[in-house]
Amino acid sequence: MSLARAVGAALVLLPMGALAQPAPRVADYTLTATLDPVRHTVRADGTIRWTNPSTVAVSELWLHQYLNGFAGPRTHFMRTRSGDAWPAHPPHWGRLAVESLRTADGVDLLATAAHDPAVPDDASQLHVALPRAVPPGASITLAVRFTATLPEAVARTGYHGTFHMVAQWFPKVAVLERDGTWSHFPFHANSEFYADFGQYDVRIRYPRGYVVGATGPRVEGPALVGGLLEERHVIEGVHDFAFAAWNRFRRADRTIGRVNVHVLHAPGDERSAARSLDVMAGALPAFERRFGEYPYRVLTIVLPPPGAEAAAGMEYPTLITTGAQWWLPRRVRDVEYVTLHEFGHQYFYGMVASNEHRYPFLDEGFCEYATARVMEDLFGPGGPIVDLPMAGPRFDSWAWEALGSAGIAHPLPLDLGADEYPSWDRYGEHVYSRTAVVLRTLERRVGTRVFAATLRAYVDRARYTHPTPEDFYAVVRERLGAPWEAFVRTAFETPWRYNLAVTEAASARDPGGRWRGRAVIDRDGPFALPVNVVFTDVRGGRRVVRIANDRPVTVVPYEGAAALRSVSVDPEDTIPLELRRLDNARMAQALTAPVLPLIGRVAYWVALALGSVGP
Amino acid sequence: MIRRWLSTGGRAGVVWGVAAIELGLAWLLALAATASLTGTLSRHPQGSIALHAQGGRLLGELIALHAHAWEPTAGLLGVVFLVQAGAWMLLGGMFPVLGATTGVRWHRAAAESLRRAPTLLGLAAIAGLGYALAGFAGYAAAGWATREAAHRLDVRAITALGGTGWLLGGALAWAIGLWHDVARAHALARGRTAMQASGSAALQMVRAPVATVAAGAGYGLVAWTYVAAAAALAGLLDARASRAGVVAALLGAQHLVVLGRVHARMKWFVWLGGRVTAAKARAE
């Protein structure tokens, strides 16, 4: 038996939902949940078994009740929403009501439980005093009963008609860090989530006629229980559980490697479903090559129906929601991009479970980089998102990221907490695009292979842990050296603008007939990264000069047999985090002829427009 | 066949003249609209090819860099567009006069159009109301389809319903445009008032729907075929846009499209003029 076959056989022998390498079991949930699609509620009961992962004994628990962010207009979530990222008033509010919370010996913990008094009008956190301290490594089991009332689809959860995206629906134990500090926080409109690994054993009951997609593999059912269908999902090595249910779901399945991929979609959306499966056929191996094994045996992709777009574009363990217009041409890779991004979160969020509230760039930004990287793997240089030659210029993933980062008017550090960004827009432009271009710059500077190995080392080391930026810096220091650690620290911890520009390019003939001149390269920003400067002359000659780029201004002399035509700095684009690439090249003399086609084309369109109200 | 199609019965000078004026105005506007862009691009070694370079990054940077210029540019274009619409509202009788009669000089046709300005404005007002109605109909139909169908139909049907709503609105707008042309021909060729011309145009479209609608659609289709052909050519040639000859050929083709569109309009009004004159003769 070959090694590959032996490994394959070993993987097949693993029970569904089990992991090839162990993940900690800090918070295990055993729940039975009943969906009432008429009242839009989920009633549930079961147990939470929590093991103290820290080095100190604790006598309290913090639970997140994220759904209470939608309990009314005065919650922390609603107060901190900005712009039109989320609606000011969902048509139907939601809430999570914990009705019973007791220890194994029957002590009622709700009697002394309280919401965080520091956050008025907000019930998204619950503080629970324990009757006795839980020592390090010891466990406590709580019996819980609760009702989740779903809001009209908002901020990744809720219902629309009979479609239900059931997420953040149960009381979730916050993360206790190793030093005994609770990482708890009120649900903020910029923020996503943070929880500990464990096993989820969830029975979902729902009316006949509904189709359910949930975190983890289905190990039992669906079978009729008391007039309802019941199915059981069991998975470990994850830190959340979500499910979608709809009585109009259609389903498309494909086995990719050892992973069963299911797409749940609206009737008529078969084309998007097929595209989702097609892109996953390439993406799964591509992500595994770059970031290691996807250890679960299942992935469910939910395409929310029209009207439920608020539930689209979100990641949960082994379940992602995407969305796209079915009629988009194949070469407009919207569904592919979103699918890759949400699947990328299985690594950066799922397995590499950083604190999304405190360090959102570690999941969203790293995932954004991974998305563009795999877009390039699958669709060629640049990772084209829009590639319609008949309709205009191509638009690439890397250009998208660079433009997003360049659009930042008032830079902030990237390592801020989600709640430290003053608006959703400013959160987004920093956390997603700017992080991605920093990583892309590192890749371009140290080489694709070296950077891939570095990032892989970080992922391997951080798998099933809660890494902080320091963990990434440590890997960079070990693999790439202290200067690159300094680079990423500056890029992530300080606000910066960075630009290189050729601000002068000129030459003149000397009495001896030679052409002499100079190029002036201005550097605006903190990174002293050596770059090439390329001179071209009017006869087609080309000369490359390497500059240290360690000063705000570098003057590079030119001498040649012909007049200087143009100067380019960093034409290889080794610093994608630059704000502008347009000013990286400059003609010695401005020429009108090369821009005439643009004027002519605009004139043509203007003439057509004028003609529409003409004779 | 081609000669027959190209012939406008001695009206070629007007066709060339109007196309030249439209293109001249468009070039002036394009120069103003792209002034800030071309300033940047003329310093770039790739010139306007830079718009296709680096996966759209340079194009995005240009758009962002000159964001301050978009609003005044759009304002300028909007004003010129309104002036053009106003001017052709008053000169809207020129092509109908030229189409209905042979040997009339263009300035006489223009003068006649200006003399009949109240009638033309009346017809334009009726047509404007019709366009607004068509827009609302399209919006309402598409909105209804999206709202009502979401829970009952599949997503393709929802899209089709929404699209059909807009198509119906578009078809209504096109029919109103056609009626407006016919009404102007009746107003100018038969000396009718706005209300009389409206009725005559409606009557003609009812009495000879196939001929009138088919002719209107045919001449319109020809004009749009030119536009589509130029778009296809641009798509095919953009990849080789670094060759000056290719660029010049494309620009030439695009300018011919503008000429072709004016020519098709003149042919349509010549056809309409013939029908209206015949109707006038029958009535007398």
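Q: In this predicted model, which residue stands opposite A:Ala506 in E25(A)?
A: Start with the general idea. Strands of a sheet pair through backbone hydrogen bonds, either parallel or antiparallel. Here, A:Arg518 in E25(A) faces A:Ala506. E24(A) and strand E25 (residues 515-524) of chain A run antiparallel, joined by ten bridges.

Q: What is the strand order of the open sheet in chain A?
A: The order is E24-E25-E28, three strands with antiparallel pairing. From one strand to the next, the twist averages 15°.

Q: Why is one side of E24 and of E28 in chain A left without a neighbour in the sheet?
A: Strand E24 (499-509) and strand E28 (553-560) stand at the edges, so each has a single partner strand.

Q: How do I read a helix pair: at what angle do the axes of H8 and H9 of chain A cross?
A: The axes of H8 (residues 448-462) and H9 (residues 469-480) cross at roughly 135° and come within 9 Å. That makes H8(A) oblique to H9(A). Their crossing is right-handed.

Q: Which residues of H8(A) and H9(A) meet?
A: On H8(A), they include A:Ala453, A:Ala457 and A:Tyr458. On H9(A), A:Phe472, A:Val475 and A:Leu480 are among them. By class, this contact has eight nonpolar, one polar and three charged residues.

Q: How many residues does each chain bring to the contact between chains A and B?
A: A general point comes before the count. The size of an interface is often given as the accessible area lost when the parts come together. In residues, chain B brings 62 and chain A brings 53. H2(B) gives the most to the side of chain B that touches chain A, with ten residues. That side has 35 nonpolar, 18 polar and nine charged residues.

Notes. Residues numbered from 1 in each chain as written. Chains lettered and ligands numbered in written order. Predicted model: local features only at pLDDT ≥ 70, side-chain atom pairs only at ≥ 80, totals over all residues. Axes fitted to C-alpha atoms, helices over the stretch in contact; angles between N-to-C directions. Helix = DSSP H or I, 4+ residues; strand = E, 2+ residues; numbered from the N terminus. Parallel < 35°, antiparallel > 145°, perpendicular 65-115°, else oblique. Left-handed = near helix turned anticlockwise from the far one by under 90°. Contact = placed C-beta atoms within 7 Å. Nonpolar A, V, L, I, M, F, W, Y, C, P; charged D, E, K, R; others polar. Pairing = 2+ DSSP bridges.
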